[in-house]
Every structure is written in C-alpha cells, then in structure tokens.
Amino acid sequence: IASLEGVGWPSELKQMTVELWVVSEATSARTLLSIGGDRMRVSVLEGGAGTVTVTVLGTATQVSGVGFDDGAWHHLAVSWSNDAGDVSVWLDGAAVSSAGGVRAGEALA
C-alpha cells in the first residue's frame, strides 16, 4: 500500500499513469495506491472478483476483468487522460479493461 500525500503537482496535470507490483490472495477491500488523497486512488473492491475501483478527483469508477488475487506477483498499471476522461487498466502488460467519461476536461492539480 502506497500513499503520496502532499506531493507537489504541476499546475495543469491532464493525464497520469501509475504502476505497481501487487501480490494478493485476499478478497477484502483495500486501497493499493493513493496519490494526493482522491486526486488519484486505485482500490480493490470487497470480495475481489477482478474489479478495481479507480478514483479520479473524487469520482470513483469500477473497472472489471482485473483478476490478480491468485497469490502470484502481478504488474498493474492504471492511466487516466482528461481528453475523454479515459481510464485504462493493464495487468502484466496486457490491456484488460477501460472506462470513459471520468472527469473529462479537468486537471489533477
């Protein structure tokens, strides 16, 4: 679990990608990464089921098809761009899911 509270932000941060290595067998809700509070947060929902919640500027979006609760190490990457508000999730280098319309046109700063 990582938290980067108080990180200085560029004045017009319009896209971001975060990457982390995760290993999990648990199915309880937990935050995997939090940057600047709710500026960008990556969480796993209660019960696992391959669903990750990505929060951008306080707006939470559930992204499914991201199963990594098998006890093995996995590389997880999550990106957001303000052009269309696209959130994309990659697992072990493969694009697994995406959602659109998440805080389109806004900046993280």
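Let's start at the N terminus and walk along the protein chain: the elements run β-β-β-β-β-β-β-β-β. That gives nine strands and zero helices. Please keep in mind that this is a predicted model.

Now look at the two ends of the range. Among the elements, strand 1, residues 2-4, has the lowest mean pLDDT, at 51. Strand 8 has the highest, at 92. Here is a rule to remember.

Next, the chain as a whole. There are 109 residues in the protein chain, and buried ones make up 45% of them. The exposed surface comes to about 5400 Å². Carbon and sulfur atoms supply 50% of that surface. What about contacts along the sequence? Take those between residues at least 6 apart. Of these contacts, 46% join residues at least 24 apart.

Now go inside. Which residues have the most contacts within the largest nonpolar core? They are Phe68, Leu76 and Val78. This core has 23 residues. At least two residues each come from strand 2 (15-23), strand 3 (30-35), strand 5 (52-56), strand 7 (73-81) and strand 8. Strand 2 gives the most, with four residues.

Let's stay with strand 8, the element with the highest mean pLDDT. Strand 8 covers residues 86-91, and its partner, strand 9, covers residues 94-99. The two run antiparallel, and five bridges join them. Together, strand 8 and strand 9 form a hairpin. Two residues lie between them. In that turn, Asp92 has a positive phi of about 55°.

Is Ser88 buried or exposed? Ser88 counts as buried, because its relative accessibility is 18% and the cut-off for buried is under 20%. And what is Ser88 in contact with, leaving aside its neighbours within four places in sequence? The list is Ala77, Val78, Ser79, Ser97 and Ser98. You have met Val78 already, as one of the core residues with the most contacts.

To recap: nine strands, zero helices, a largest nonpolar core of 23 residues, and a hairpin made by strand 8 and strand 9. Thank you.

Methods: Residues are numbered from 1 along each chain as its sequence is written. This is a predicted model: local features need pLDDT of at least 70, side-chain atom pairs count only at pLDDT 80 or more; totals for chains, interfaces and linings use all residues. Side-chain values use heavy atoms; hydrogens and water are left out. Buried means under 20% relative accessible area, exposed over 50%, partly exposed in between (1.4 Å probe, protein chains only). Contact means heavy atoms within 4.5 Å. Accessible areas come from the Shrake-Rupley method with a 1.4 Å probe; for residues, only the protein chains shown count as cover. Two strands pair if DSSP finds at least two bridges between them. pLDDT is the predictor's confidence in each residue, from 0 to 100. A nonpolar core is a set of buried Ala, Val, Leu, Ile, Met, Phe, Trp, Tyr and Cys residues joined through side-chain atoms within 4.5 Å.
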